[in-house]
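Dear colleague,

I am passing on to you the structure below, together with a short account of what was found in it. Please read the account with the structure open beside you.

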Amino acid sequence: MQLRHVKIKGTGKYLPERVVSDAELDKILGTTPGWVNKITGVGTRHYVGTDETASFMGARAAEAALADAGLSFSEVDCLVCTSGTKEQPLPSTAVFIQQAMGQADSGVPAFDIDATCLSFLVGLDVMSYMVEAGRYKNVLLVATEIASVGLNWQDKESSALFGDGAAAVVIGPAEAGDSSQILHASLKTYSSGARYSEIAGGGTRLHPQNYTAEDALPYLFHMDGQAIFRKASKLLPDFIADMLGATGNKMDDFALVIPHQGSAMAMRLLRKKLGIAEDRFLDNTAGHGNTIAASIPMGLHEAVRQGRISRGDRIMLIGTAAGLSLGGMIIEY
């Protein structure tokens with residue numbers, strides 16, 4: 001175990017105003033009525049409007065999380081953006097979130113931690129050690145994702161899965177007598193799957209100045225969902241067994257498992273393969289879609305808001321990410 005006496009003090013989320021239904025996507029994609037709903041099960045997801053930047057959404061989610069924790073920004077020691085997408089290549093998105101919160105001259109350190117869809121989980125893991133060591137007291141973790149601008153509409157199945165949105169969490173040291181703690185976390189990466197999910201263009205290998213409308217595909221999101229599922233379903237049982245062994249838990253010990261909301265179909269299959277009871281598995285793809293790294297903190301926020309977890313409950317966060325990476329964390333909420 002890797003015990004840290006760290007508490008999740010508050011959560012918040014923000015969804016863009018524009019709601020996009022499966023029926024609207026059927027028209028955009030040119031598919032038969034009902035196709036998107038059958039493939040994704042999302043129903044509705046949200047896309048940003050012209051005034052909703054990643055930093056704007058992140059700031060609103062962060063403010064909601066601070067209010068939930070009963071804290072003000074003046075009590076925040078560090079702001080970390082844990083998104084898989086970026087508002088711009090330089091500087092960090094966290095910088096613009098600080099600015100969008102009206103705290104541009106606060107001096108609060110702001111930087112990004114990026115592990116694609118597992119950015120929040122990795123950010124929580126890394127920053128919890130900083131809290132445990134006393135370097136920071138209250139850390140604001142913000143995942144804010146705009147997927148809709150980078151989708152390849154010719155790839156109908158993957159483009160129908162995603163939604164935009166932001167979620168935030170405030171962490172700090174658990175007080176004496178408080179049972180809240182992080183018990184264990186694990187991250188494994190298998191770069192043999194690096195090309196399964198990627199945006200190849202926009203970096204130094206395929207620089208943005210080489211972009212042309214005639215050769216735009218490398219600059220759009222590409223996903224081989226079948227390859228990801230095959231590899232993840234092969235690796236995840238042992239990964240989960242190792243995590244359970246580290247804390248001496250059985251799957252029945254968890255009040256709730258909160259997964260990365262990749263796709264409803266893949267989650268259903270993995271839930272059965274991993275032996276997780278349906279009522280202890282949070283699926284909120286309906287109404288949200290896959291919100292990349294925001295999906296786990298958004299699930300955490302919904303679990304608290306809906307009363308599905310209470311203080312002292314043992315929960316598991318789990319997911320996969322481009323890389324191909326597997327990540328998990330066991331928490332006593």
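In this predicted model, the buried residues of helix α7 pack against β8 (181-189), β9 (197-198), β10 (222-223), α8 (264-274), β12 and β13 (325-332). The residues concerned are Ala227, Ile228, Ala232, Ser233, Leu236, Phe239, Ile240, Met243, Leu244 and Thr247. Helix α7 itself covers residues 225-247, 23 residues in total. From its first C-alpha to its last it reaches 31 Å, close to the 33 Å expected at 1.5 Å a residue. The helix has a kink of about 35° at Leu236, shortly before Pro237. After α7 comes Gly248, which has a positive phi, near 70°.

Five strands make up an open sheet with mixed pairing, in the order β1-β7-β6-β4-β5. Its edge strands, each pairing on one side only, are β1 (6-14) and β5 (110-112). From one strand to the next, the twist averages 20°. Within the sheet, β4 (residues 78-81) and β6 (residues 139-145) pair in the parallel sense over four bridges; Leu79 has Leu140 in β6 as its bridge partner.

Helix α4 (residues 93-100) lies across β4, β5 and β6 and runs at about 125° to β4. Helix α9 (residues 295-305) also packs on the sheet, where it touches β1, β6 and β7 (165-173). The direction of α9 makes about 100° with that of β1.

Finally, I would draw your attention to Ser128, in helix α5 (residues 119-132). Is this residue buried or exposed? Ser128 is buried, because its relative accessibility is 0%. Leaving out neighbours within four places in sequence, the residues in contact with Ser128 are Arg4, Val6, Ile171 and Ile182. Arg4 lies 124 residues away from Ser128 along the chain, yet their C-alpha atoms are separated by 7.0 Å. The side chain of Ser128 also reaches the backbone oxygen of Asp125, at 2.7 Å.

With kind regards

Key: Residues are numbered from 1 along each chain as its sequence is written. This is a predicted model: local features need pLDDT of at least 70, side-chain atom pairs count only at pLDDT 80 or more; totals for chains, interfaces and linings use all residues. Side-chain values use heavy atoms; hydrogens and water are left out. Helices (H or I, at least four residues) and strands (E, at least two) are DSSP runs, numbered from the N terminus. Buried means under 20% relative accessible area, exposed over 50%, partly exposed in between (1.4 Å probe, protein chains only). Contact means heavy atoms within 4.5 Å. A polar contact is a pair of N or O atoms within 3.5 Å; within protein, one must be able to donate a hydrogen and the other to accept it, and residues adjacent in sequence count only if both atoms are side-chain atoms. The expected span of a helix is 1.5 Å times one less than its number of residues. The bend at a residue is the angle between axes fitted to the seven residues ending there and the seven starting there. Two strands pair if DSSP finds at least two bridges between them. Axes are lines fitted to C-alpha atoms, for helices over the stretch in contact, and angles run from 0 to 180 degrees between N-to-C directions.
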